[in-house]
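Please look at the sequence and the 3D structure shown here, and keep both at hand while reading the report that follows.

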Amino acid sequence: MTTFKFWILTYLLNSLWQVPLVFIAAWAATRLARQAGPRMEHRVWVIALLLEVTLPFCHFQLNELREQAWASILSLLGTGASVGETHVILGTAATSIAHPLRLPAEVITAIVAAYLCSFVYFTGRLLWALWKTESMRRNAMPAALTEETREKFARCGDLFNIDSNNVHVAVSPMIAGPVTVGIRPSTLVLPPEFLENVNAEDLDTVFAHEFAHLRRWDFAKNLFCGFVALPVAWHPLLWLTRSRLAETREIVCDAMAAEAVSGREGYACSLLRLASMQSNRAAAGTLHAIGIFDANVFERRIMKLTRKNIEVRGLQRFAIAAICGVIALATCASALAFRMDAGTSTTSQSKQPNKVHVSPDVMQQNLIYKVQPVYPPDAKKAKVQGSVVLTAVIGKDGAPEQLHVESGDPMLQQSALDAVKEWRWKPYLLNGNPVEVETRITVVYSLAK
């Protein structure tokens, strides 16, 4: 199996279960975040979307991260006598090796081909939506604004600290309700005859809501999320995540707009009147035009506006954010701990791999002879301390064949190399046969403070 197929299949296999894991964690976190207001709830879903896309890419091994953290702690604290000490970190008995999944080469090729086809499809659909949106914006006719409407528009822009001269107002028959498109310049697109039929209070609501989107750069953010989500665009729970993202985005903008106009209750009544104006129109065909009726959660938005708003502050808000952070860390740790690696079926392979990567934890169990590194006198005198990280290739006979320095102070590197090249391990067996092993060794040099 080629490296490309291996990478695609590994990403696909991990996204199958990691996306649901992240979604469930985000759903639990938003139950708490709702008490802290819609902004925090929206941030939770933004983080969830990013984790759903990026976690399947990650291949960190938790034991290696733990080793690096412990090495940093030792080098910062400094332990032992003034003559200095060295600590060799090979890990503990617990392992966190990625769990392998073996599949026949033909099955792998079919899965990878299907995934690539879906990726091309969703990419094409996104580009088509963008082209259609841009076409709508270009073909929209400039709106004829009265002097009163222009003043209202400019006043609303000032409330959101946006120069209304940089926002065009146009009319297009392709939409069902007011939408905002573009980044710079932006365009507020209205349905035909909208300005003639809307009353002054409801027009304030429309302007305030769309300026809230502009203040938050929601069009650009939505576009960014669309491209970022492409690797897992096939996953149903990714669709649900984006739906929750749009829902909370609209609730945040409702809160911002309600503060700028007639208050929450007046704003809610205005939304109801605006909804009745577009009930007989067809739904908008553009996917990336941010509008006042984008998310299909109108009922929840009205309930959120009419419900008494009790916003938590101070320590309680910090506690909610901390709990959400713990949920995120636990989710990431679980995803990394149970990560799967794709591989071809062992029955279809006649050759043993020449070299395998093995966790330092496992190699700790095979170590049979170790020479303790000596702290270099010059480094001691110069008060140099820190970690030297080595990549080692262990031969079939258990002796180091290659040693490379990944990181570490030059004054400490040779000491670590001289010691580790004398070490010996029991041969590592794969399917009963000895194989070469690649692993990592960390040597910590610390001085007492």
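Is His213 buried or exposed? His213 is buried, because its relative accessible area is 2%, where buried means under 20% relative accessible area, exposed means over 50%, and partly exposed lies in between (1.4 Å probe, protein chains only). This is a predicted model, in which local features need pLDDT of at least 70 and side-chain atom pairs count only at pLDDT 80 or more, while totals for chains, interfaces and linings use all residues. Residues are numbered from 1 along each chain as its sequence is written, and side-chain values use heavy atoms, with hydrogens and water left out.

His213 belongs to helix α7, which covers residues 200–215; helices (H or I, at least four residues) and strands (E, at least two) are DSSP runs, numbered from the N terminus. The side chain of His213 is joined to that of His209 by a polar contact of 3.1 Å. A polar contact is a pair of N or O atoms within 3.5 Å; within protein, one must be able to donate a hydrogen and the other to accept it, and residues adjacent in sequence count only if both atoms are side-chain atoms.

**Nonpolar cores**

A nonpolar core is a set of buried Ala, Val, Leu, Ile, Met, Phe, Trp, Tyr and Cys residues joined through side-chain atoms within 4.5 Å. The largest one has 32 residues, and Val44, Trp45, Leu49, Leu55, Val232 and Cys324 are those with the most contacts inside it. At least two residues of this core come from each of α1 (3–33), α2 (38–54), α4 (105–139), α9 (236–260) and α12 (314–337), and α1 supplies the largest share, 11 residues. Apart from this core lies another, of 30 residues, which includes Phe160, Leu190, Leu214 and Ala257. In α12, the residues Ile320, Cys324, Thr331, Cys332, Ala335 and Leu336 are buried.

**Strands**

Strand β11 (residues 386–394) is mostly covered, since 9 of its 9 residues are buried. Two strands pair if DSSP finds at least two bridges between them. The table lists the two partners of β11.

| Partner of β11 | Bridges | Direction | Example of bridge partners |
|---|---|---|---|
| β15 (residues 433–446) | 9 bridges | antiparallel | Ser387 and Val444 |
| β12 (residues 400–407) | 6 bridges | antiparallel | Thr391 and His404 |

β11 and β12 form a hairpin with 5 residues between them, and Gly398 in the turn has a positive phi of about 90°.

Most residues other than glycine have a negative phi. Asn161, however, has a positive phi near 60°; it sits in the loop between α5 (147–159) and β4 (167–171) and is exposed, with a relative accessible area of 64%. Lys383 also has a positive value, near 55°; its place is in the loop between α14 (377–381) and β11, and it is exposed at 67%.

**Aromatic pairs**

Rings of Phe, Tyr and Trp (its six-membered ring) pair if their centres lie within 6.5 Å, and planes under 30 degrees apart count as stacked, over 60 as edge-to-face and the rest as tilted. By this rule there are 10 aromatic pairs. One of them is the tilted pair of Phe153 and Phe211, with 5.0 Å from centre to centre and 45° between the planes. This pair links distant parts of the chain, Phe153 in helix α5 and Phe211 in helix α7, 58 residues apart. Phe153 counts as buried at 6% relative accessibility, and Phe211 is buried at 1%.
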